[in-house]
Amino acid sequence: MVALVGAQVPRVALPPPGPSRYYIHVVNGLSKLGLLVHCQSKNDDLGYHRLLNHGDDYQWNFKVNFWGTTLYWCKLETPHAYVSFESFWPETQQLWLRDRCKHGTVGTCLWMAEDDGIYFRNFLANVDELIHKWIYKR
C-alpha cells in the first residue's frame with residue numbers, strides 16, 4: 001500500500017473548449033471580377049457558387065464531428081487566376097485557426113478574395129491577414 005500524503009497532482013493546462021458550431025464565409029472582395037467558389041469536405045460537396053459582385057458572401061455552417069477531424073477545403077477561381085486551400089481543419093496542439101475564428105462565443109471563419117490574394121479575418125487582433133496568393137493561369 002502506497003500513501004501519497006501531501007502529494008500534488010500535476011495540472012495540465014488545457015485550452016478552453018472551442019465553439020460548438022462554426023460559420024465559414026467566403027467573400028468576394030475583388031475590385032472588378034466575379035468569383036467562382038467550390039468548397040467541400042470528404043463527405044459533403046457544397047457545390048459551385050458564383051459570387052458576381054463585390055461583397056457577395058457564400059457561407060455554410062457545421063458542428064465539428066465527434067472525433068474532431070472535420071476538414072473543409074475550397075477552390076476559388078477568377079477568369080485569370082485560382083487558389084485552393086483548406087478553409088477549416090482540425091487543431092489539436094496549435095490553435096491558430098480557432099483563435100482567429102472566435103468571434104464572441106461563435107466560431108466565424110471569414111475568407112476574403114481580394115485582388116492580391118486570399119485574406120483571413122483575425123477577429124482576435126481585428127486585422128485581415130494575407131494567407132494565400134493567387135496562382136495565375138497561362
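Tutor: Five strands form an open, antiparallel sheet, in the order 3-2-5-6-11. The edge strands are strand 3 (45-51) and strand 11 (135-136), each pairing on one side only. Strands (E, at least two residues) and helices (H or I, at least four) are DSSP runs numbered from the N terminus, and two strands pair if DSSP finds at least two bridges between them. This is a predicted model in which local features need pLDDT of at least 70 and side-chain atom pairs count only at pLDDT 80 or more, while totals for chains, interfaces and linings use all residues. Residues are numbered from 1 along each chain as its sequence is written, and side-chain values use heavy atoms, with hydrogens and water left out.

Student: In strand 11, which residue is the bridge partner of tyrosine 82?

Tutor: Strand 6 and strand 11 pair in the antiparallel sense, over two bridges. The partner of tyrosine 82 in strand 11 is isoleucine 135.

Student: Is serine 41 buried or exposed?

Tutor: Serine 41 lies in strand 2 (residues 35-41). Leaving aside neighbours within four places in sequence, serine 41 is in contact (heavy atoms within 4.5 Å) with Leu71, Tyr72 and Trp73. Buried means under 20% relative accessible area, exposed over 50%, and partly exposed in between, with a 1.4 Å probe and protein chains only. The relative accessible area of serine 41 is 13%, so serine 41 is buried.

Student: What is the volume of the second largest pocket?

Tutor: On a 1 Å grid over the protein atoms alone, a pocket is an open set of points where a 1.4 Å probe fits, with protein on both sides within 12 Å along at least five of seven lines; lining residues have an atom within 4 Å of a point. Ser41, Leu71, Tyr72 and Trp73 are among the residues lining the second largest pocket. Grid points are joined across faces, edges and corners, and a volume is the space filled by probe spheres set on the points. For this pocket, the volume is about 250 Å³.
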